[in-house]
Amino acid sequence: MHTRHSRVVVVSHDDQNRATLKRIFGENGWKIRERRAVSEFRQYLKPQWSGVIVTESCLPDGTWRDILALANAVCPDAQVVVTSRLADEQLWAEVLSRGAFDLLAQPLDQIEVLRVGASAWQHSRPKVRQACA
């Protein structure tokens with residue numbers, strides 16, 4: 001369900017949420033980086049990076065919208081997945097309409113995290129896929 005070199009950045013201030021995502025992705029061979037806030041994510045971000053960014057909807061110093069804006073500005077091939085305890089149709093519609101990849105409800109379901117993560121990973125690497133075609 002993953003590519004051998006799949007990469008994910010988890011942005012969450014919730015220790016349990018980060019641990020759950022780290023376990024799910026780690027057990028499936030993903031390379032994982034963890035950040036706790038928008039400011040930490042900003043410092044990590046590298047131009048032209050491609051991969052999956054899984055962020056909580058609310059962070060200590062911003063929201064998923066800030067993560068999405070940073071990703072779009074610095075690494076437009078990255079795909080942002082939002083997680084929320086309050087995942088509903090309105091938030092899902094906003095997430096998609098603003099250009100994020102998907103919304104995952106908390107508590108996180110391992111199968112759903114991996115399905116969405118794998119799909120986002122495939123969409124994060126268009127240049128590589130085209131080169132292989």
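The structure is a predicted model, in which local features need pLDDT of at least 70 and side-chain atom pairs count only at pLDDT 80 or more, while totals for chains, interfaces and linings use all residues. Residues are numbered from 1 along each chain as its sequence is written, and side-chain values use heavy atoms, with hydrogens and water left out.

**Strand β6**
- Strand β6 covers residues 79–84, where strands (E, at least two residues) and helices (H or I, at least four) are DSSP runs numbered from the N terminus.
- Six of the six residues of β6 are buried, meaning under 20% relative accessible area with a 1.4 Å probe and protein chains only.
- Q79, V81 and T83 point one way from β6, whereas V80, V82 and S84 point the other way.
- In a regular strand the side chains alternate between the two faces of the sheet.
- Q79 has a relative accessible area of 15%, and its contacts (heavy atoms within 4.5 Å) include F101, H123 and S124, not counting residues up to four places away in sequence.

**Pairing and crossover**
- Strand β3 (residues 52–56) runs parallel to β6 and is joined to it by five bridges, and strands count as paired if DSSP finds at least two bridges between them.
- T83 is the bridge partner of E56.
- Four bridges pair β6 in the parallel sense with strand β7 (residues 102–105), where L104 is the bridge partner of T83.
- From β6 the chain passes through α4 to β7 in a right-handed β-α-β crossover, that is, clockwise from the first strand over the helix to the second with the strands pointing away from the viewer.

**Ends of helix α4**
- D88 caps the N-terminal end of α4 (residues 89–97), with a side-chain oxygen 3.3 Å from the backbone nitrogen of Q90.
- After α4 comes G99, whose phi is positive, near 105°.

How values were computed:
Polar contact = N/O pair within 3.5 Å; in protein donor to acceptor, adjacent residues only side chain to side chain. Buried < 20%, exposed > 50% of the residue type's maximum accessible area, 1.4 Å probe, protein only.
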